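Subject: Structure handover

Hi there,

Here is the structure I promised to pass on to you.

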Amino acid sequence: MQLGQFTLDANTGVYTGSIRTLASVVDFVEVAPAPAKRGDNSPDYRVYGPTGSDFGAGWNKLSQDGKKYVSLVLRDPNFNDGQPLYPILVEGDDGAFVMLWEASDPARAARPTTTPAERAAAEAPTLRRKA
C-alpha cells in the first residue's frame with residue numbers, strides 16, 4: 001500500500017513529501033540525513049513532521065536485486081493503533097520516491113516453510129521393502 005510520495009533534494013539528501021492514510025494526512029514530512037551516526041546500527045535518517053517533531057528513523061538498505069531503498073520506522077499515536085509502522089521509501093519508475101507499507105500477515109508467519117523437495121517427498125507414496 002502506498003502511503004505517500006516524496007521528492008529528493010540531491011544537494012541536501014532530504015526527502016520531502018506527505019503521508020496519507022484513510023484516517024490521517026501528514027503534510028510537510030521530511031526524511032533528513034541524521035546529524036551524526038554513533039555506530040553501524042544508528043539511523044541514517046530522522047523523520048520530521050510539519051512542526052519539526054521527530055517521529056521516526058531510517059536506514060539505507062539494498063534489496064536482493066541491488067536496488068537502494070530506505071527502511072523506516074515511524075512512531076506516532078495516530079498510526080497503526082500506536083504501534084510502530086515499518087514502511088520503506090523506494091524510487092519509482094518516474095524518478096519520484098514512494099513510501100510503501102505492507103501489513104503483516106500473522107497467518108503467513110505461522111505457516112511452516114518447506115522446500116519444494118521436502119513437499120514432493122512428503123507427497124510421494126512410500127515404498128516398502130520386502131523382507
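In the hairpin made by S1 and S2, 4 residues lie between the strands, and glycine 13 takes a positive phi near 75 degrees. Before I go on, please note that this is a predicted model, in which local features need pLDDT of at least 70 and side-chain atom pairs count only at pLDDT 80 or more, while totals for chains, interfaces and linings use all residues. Residues are numbered from 1 along each chain as its sequence is written, and side-chain values use heavy atoms, with hydrogens and water left out.

A word on terms: strands (E, at least two residues) and helices (H or I, at least four) are DSSP runs numbered from the N terminus, and two strands pair if DSSP finds at least two bridges between them.

S1 and S2 are antiparallel, paired over 6 bridges.

S2 is largely enclosed by the rest of the structure, because 5 of its 7 residues are buried. Buried means under 20% relative accessible area, exposed means over 50%, and partly exposed is in between (1.4 Å probe, protein chains only).

**The barrel as a whole**

The protein chain has 2 helices and 8 strands, and from the N terminus on its elements run β-β-β-β-β-β-β-β-α-α. The 8 strands close into a barrel with antiparallel pairing, in the order S1-S2-S3-S4-S5-S6-S7-S8. On average, neighbouring strands of this sheet are turned by 30 degrees against each other, direction ignored. For that angle, axes are lines fitted to C-alpha atoms (for helices over the stretch in contact), and angles run from 0 to 180 degrees between N-to-C directions.

- S4 and S5 run antiparallel with 4 bridges, and tyrosine 45 has glycine 58 in S5 as its bridge partner.
- S5 and S6 are antiparallel over 7 bridges, with tryptophan 59 opposite serine 71 in S6. Their hairpin has 5 residues between the strands, and glycine 66 in the turn has a positive phi of about 85 degrees.
- S6 and strand S7 (residues 88-91) run antiparallel with 3 bridges, and valine 70 is partnered with leucine 89 in S7.

**The core**

Which residues have the most contacts inside the largest nonpolar core? They are Phe6, Tyr15, Ile19, Val31, Leu74, Leu89 and Met99, in a core of 18 residues. Such a core is a set of buried Ala, Val, Leu, Ile, Met, Phe, Trp, Tyr and Cys residues joined through side-chain atoms within 4.5 Å. At least two residues of this core come from each of strand S1 (2-9), S2 (14-20), S3 (25-33), S4 (45-48), S6 (68-74) and S8 (97-100). In soluble globular proteins, nonpolar side chains tend to be buried together.

Not counting residues up to four places away in sequence, tyrosine 15 touches Phe6, Thr7, Leu8, Val29, Glu30, Val31, Tyr45, Val70, Leu89 and Phe97, where contact means heavy atoms within 4.5 Å.

**Two residues to look at**

Is serine 42 buried or exposed? Serine 42 counts as buried because its relative accessibility is 14%. Serine 42 lies in the loop between S3 and S4. Its side chain reaches two backbone nitrogens, that of arginine 38 at 3.1 Å and that of glycine 39 at 3.1 Å. Leaving aside neighbours within four places in sequence, serine 42 is in contact with Lys37 and Trp59.

Leucine 62 belongs to strand S5 (residues 54-62) and is exposed, with a relative accessible area of 56%. With neighbours within four places in sequence left aside, leucine 62 is in contact with Lys67, Lys68 and Tyr69.

**Chain totals**

Of the 131 residues in the protein chain, 28% are buried. Among contacts with a separation of 6 or more, 22% are between residues 24 or more positions apart.

Best wishes

Conventions:
Polar contact = N/O pair within 3.5 Å; in protein donor to acceptor, adjacent residues only side chain to side chain.
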